[in-house]
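Subject: Structure handover

Dear colleague,

Here is the structure I said I would pass on. Please look it over before reading my notes below.

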Amino acid sequence: MNDCVFCKISQKKIPSKVVYEDDLSFAFEDINPQAPVHTLVIPKKHIPTVLDLKEGEDDHLIGHLFKIANKIAKERGIAERGFRLVTNCNPESGQTVYHIHLHVLGGRHMRWPPG
Ligand code: 5GP
Ligand code: ZN
């Protein structure tokens, strides 16, 4: 996707604080962190929302993103304390970037329900 900010970040056309990278995925620090740890995990493949995931084709990819989120939580020392994984979908959720991403949030007490 030519004008997708997260595609550009994963292709390093836009700079970011890179946390992790492999063939399928990319993780980087959120530019506007909402917690002491706020990292975004994205697929390199452009998928606008979770509604666009293809059954079968994207199953492995989604599992992979969770695996990377776990790895980041452990490395940041928030795994045992607790952390939150968030994926927003469409306007009422607050999704602003239409390239799926897992927010890895931690390092402070999280409230529920979310705002
Ligand atoms: P959403 O609102 O779609 O769930 O989350 C998008 C997230 O991407 C927001 O937390 C926002 O701060 C982050 N973000 C938006 N643009 C950029 C950017 O150019 N660089 C980085 N590192 N994060 C971004
Ligand atoms: Zn994209």
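The notes that follow cover the cores, the ligand and the salt bridges.

This is a predicted model, in which local features need pLDDT of at least 70 and side-chain atom pairs count only at pLDDT 80 or more, while totals for chains, interfaces and linings use all residues. Residues are numbered from 1 along each chain as its sequence is written, chains are lettered from A and ligands numbered from 1 in the order in which they are written, and side-chain values use heavy atoms, with hydrogens and water left out.

Cores

The largest nonpolar core has eleven residues: Ala27, Val37, Val41, Leu65, Ile68, Ala69, Ile72, Ala73, Ile78, Leu102 and Val104. (A nonpolar core is a set of buried Ala, Val, Leu, Ile, Met, Phe, Trp, Tyr and Cys residues joined through side-chain atoms within 4.5 Å; buried means under 20% relative accessible area, exposed over 50%, partly exposed in between, with a 1.4 Å probe and protein chains only.) At least two residues of this core come from each of β3 (37–43), α2 (59–75) and β5 (102–106), and α2 gives the largest share, five residues. (Helices, H or I of at least four residues, and strands, E of at least two, are DSSP runs numbered from the N terminus.) A second, separate core of nine residues includes Phe6, Cys7, Phe26 and Val97.

Ligand

Ligand 1 is surrounded by 16 residues, the closest being Glu29, Asp30, Asn88, Thr96 and His103. (To be counted, a residue must have a heavy atom within 4 Å of the ligand.) A polar side-chain atom of Asp30 lies 2.5 Å from an oxygen atom of ligand 1, and a backbone N or O atom of Gly94 lies 3.0 Å from an oxygen atom of the ligand.

Salt bridges

There are six salt bridges in the whole structure. (The criterion is a side-chain nitrogen of Lys or Arg within 4 Å of a carboxyl oxygen of Asp or Glu.) Lys45 pairs with Glu57 at 3.0 Å, N to O; both lie in the loop between β3 and α2, so the bridge ties together parts that are twelve residues apart in sequence. Lys45 also meets Asp58, at 2.6 Å. Glu57 is exposed at 56% relative accessibility, whereas Asp58 is buried at 2%. Within helix α2, Glu75 and Lys71 are four residues apart, about one turn, and form a salt bridge at 2.8 Å.

Regards

How values were computed:
Polar contact = N/O pair within 3.5 Å; in protein donor to acceptor, adjacent residues only side chain to side chain.
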